[in-house]
Amino acid sequence: MTDTVIRTESLTKIFEKGKKREVVALDKVSIEINRGEVFGLLGPNGAGKTTLIRILIGLLTPTAGNAWVLGCDVTQDIDYIRERVSLLPQEAGIYDRLTARENLVYYGGLYGIPDDDLHNRADRLLDTVGLREKEDYQVKGFSGGMKRKVLVARALIIEPEIVFMDEPTTGVDTIGARVVRNVLKKLSSEQKRTIILTTHDLNEVAELCDRVGILNEGNLVAVGKPSELEEQFKAADLEEVFMGLVTGEGVYGQ
Amino acid sequence: MIWLIKKEVKSLFRSRWLIFGLIVSPLFAWMFEGAFLSFVVAQTSAEPETVYITLDDEGIWGNTLYSAIESEMDTLLIEQLLNVTRSEGDNMVANRTLSVWVLIPENFTQELEAANRSTLVVWVNTGNFRATAAAQRIDAFAKQVINEIVIIRDLRVDWYTITPEATYGHSLAVFLVMIVSVMAPSPYVGQSFAGEREKHTLEALLVVPMSRVSILIAKLIAGLVLTMLYSIFTVIGILIYNWSIVVRAVGLPPEVMDYYINLYTVNSSAIPLIFFCQLLILICAISIGIVVSSLARDQATAESINNLILLIPTMVIGILGFTGSILQYGGVFGVFVLAIPFSHAILFLNGVLSGVATPASLLGNVLYMLAFAMVFLVIGAKLFEREAIIA
């Protein structure tokens, strides 16, 4: 029996509701994500991916519908949820006057992780992302890719049950992106962590994701395993499915 | 919360320019004031002054001295030598309206001839640099006149000073401490919230299992820890300023020197009080800054708005503090002045230094400032809870 860790029912989010600038960011989205899954959220810019993540992590309140994370209602038990989930935001910044290690330890400290444990975890994660040698350098001198690696490590320092990663490999070079992907694979396969991943790199999706959900203009237009979607929409690959659903081009569009 | 405070303090202490500013601004303010005062004294000491004189002595020496002063008015930089009666002089002393009053007493010649020693009385307003310099010149000149004529005779000049309502040092401390304390946290509060948003670190901070109020309080505490550095250097600045006054006072007659030092220096026993008052001002200024920072889009905007909001009322009450009690104003303006939390810092400090405040009024001032800070923190927390802060 699968263990559902995220569930939404007709989740709707409308910004500036009733005003001239009203925007429907999410429109009755219903989705289920299981423990240990790597779930890819796909969609063009402005499709509602970040809004969905922000609702699930309690940064935004839904206009209508319901959402549960780890069995808890996001509007009721957000503290419980936040202790167990982690977020790597899309435009995540970093404290550049702190060192790589200090960034990790600080973030873990905010979650109340004991000091010794925190440093052990930091050692392990810095090794994993290949920044152990630079751990005592202030981050302000790091390249964009190195900063992104620190951010990935930071998101994992609390050993979350669910990790929301909004474009984790953006700006990272090919080798760095490979490192990040390997970390995510390991998290999923060995530690059974649930990963919600948004990305524009469909190869990454194909490599990492067990299932994907495609959002377009706030609507969830498709959910399933990449191979199932390809079969369902009679497409050669996931890109064709995506393009067909979002722009009307390709096999599905025809 | 401790982790957040530690991170804030650590980050800020690595911001060299911010730290430089917090160290230099109080030192500069006080050292500049010391140097400025020296400059003003040097300038005004060479300007002519009106001198009031009373000749009660009918003997030869009183007349000799009077005539000598009258004939050397240009040398002594006396603009006008105005004759006044003793009662007129006493009235001017009582009303604090005179600059220098030279009183040649009734028995001046008699004492000089009987005991080779007599006393000339000089009243001076030491709050007036020109008057102090004029009194010094008359002191030296009178001794020269009497001692040159009859070498064994000795003239003593007794100086009396007119006490102002509050010492200059005291008024200055209130003004400078308030102005600079209000402005000091601005760069910190600017970067603490608007800066987090600008650097895209806010979102990750808001998803940690901490209440927003805790985040605000942690930022407030970190700001206070940081600005303590500023407070410490304020104390050092005050000590340097006091030292510059003492150096300048050397050369004045001993009794005048004591008075002069007392007038212009900041009383050392008041320093802990100034420290406490500064803390209250900082709490209020940071609380206001937090609200501004929660609303502002970026750090530069936050700092600009913060400075704009704080500078005008602070300047108004800072200048009012120099003109007398800020409680003297009535009507809408009086209410406006009292609504400004920093007014209560001035009232508190003035009340304690002058010894006229009741414990209830002092407590009222402290509570007003704390309540003001609390209200702003609650407003800040509400603003912080808005979705708009992210969306």
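Tutor: Let's start with helix α8 of chain B, residues 186-198, which bends by about 40° at B:Ser192. The bend at a residue is the angle between two fitted axes, one for the seven residues ending there and one for the seven starting there. Helices are DSSP runs of H or I with at least four residues, strands are runs of E with at least two, and both are numbered from the N terminus. Keep in mind that this is a predicted model: local features need pLDDT of at least 70, side-chain atom pairs count only at pLDDT 80 or more, and totals for chains, interfaces and linings use all residues. As for the names, residues are numbered from 1 along each chain as its sequence is written, while chains are lettered from A and ligands numbered from 1 in the order in which they are written.

Now see how covered this helix is: 12 of the 13 residues of α8(B) are buried. A residue is buried if 20 or more other C-beta atoms, placed from the backbone, lie within 10 Å of its own, exposed if 12 or fewer do, and partly exposed in between. The buried residues of α8(B) include B:Ser192, B:Phe193, B:Glu196 and B:Arg197. Beyond the helix comes B:His200, whose phi is positive, near 60°.

Chain B has 16 helices and 5 strands, and 42% of its 391 residues count as buried. Two residues are in contact if their C-beta atoms, placed from the backbone, lie within 7 Å. Among contacts in chain B between residues at least 6 apart in sequence, 80% join residues at least 24 apart.

B:Leu363 gives you a view of another helix of chain B, α16, residues 359-385. B:Leu363 counts as exposed because it has 12 C-beta neighbours inside 10 Å. From B:Leu363 to B:Phe333 there are 30 residues in sequence and 23 Å in space, C-alpha to C-alpha.

Chain B also touches chain A, through 20 residues from chain B and 22 residues from chain A. On the side of chain B, the elements that give two or more residues are α1 (2-13) and α9 (202-206), and α1(B) gives the most, with 5 residues. The residues on this side divide into 10 nonpolar, 4 polar and 6 charged. Here Ala, Val, Leu, Ile, Met, Phe, Trp, Tyr, Cys and Pro count as nonpolar, Asp, Glu, Lys and Arg as charged, and the others, Gly among them, as polar.

Helix α4 of chain A, residues 115-128, has 14 residues and reaches 20 Å from its first C-alpha to its last, close to the 20 Å expected at 1.5 Å a residue. That expected span is 1.5 Å times one less than the number of residues. A:Leu118, A:Ala122, A:Leu125 and A:Leu126 are buried in α4(A). They lie on the same side of α4(A), because they cover an arc of only 100° around the axis; the arc is that of the directions from the helix axis to the C-beta atoms. The buried residues of α4(A) pack against α3 (100-110) and α5 (144-156) of chain A, whereas the face turned away from the buried side carries the exposed residues A:Asp116, A:Asp117 and A:Asn120. After α4(A) comes A:Gly130, with a positive phi near 75°.

Chain A has strands to show you as well. Two strands pair if DSSP finds at least two bridges between them. An open sheet of 4 strands in chain A has the order β2-β1-β4-β5, with antiparallel pairing. Its edge strands, β2 (23-34) and β5 (72-73), each pair on one side only. Strand β1(A), residues 4-15, and β2(A) share 8 bridges in the antiparallel sense, and A:Ile14 stands opposite A:Val24 in β2(A).

Elsewhere in chain A, strands β3 (residues 38-42) and β9 (residues 211-216) run parallel, joined by 4 bridges. The bridge partner of A:Leu42 in β9(A) is A:Ile214. On to β10(A), residues 219-224, which pairs with β9(A) in the antiparallel sense over 5 bridges. These two strands form a hairpin with 2 residues between them, and A:Glu217 in the turn has a positive phi of about 50°.
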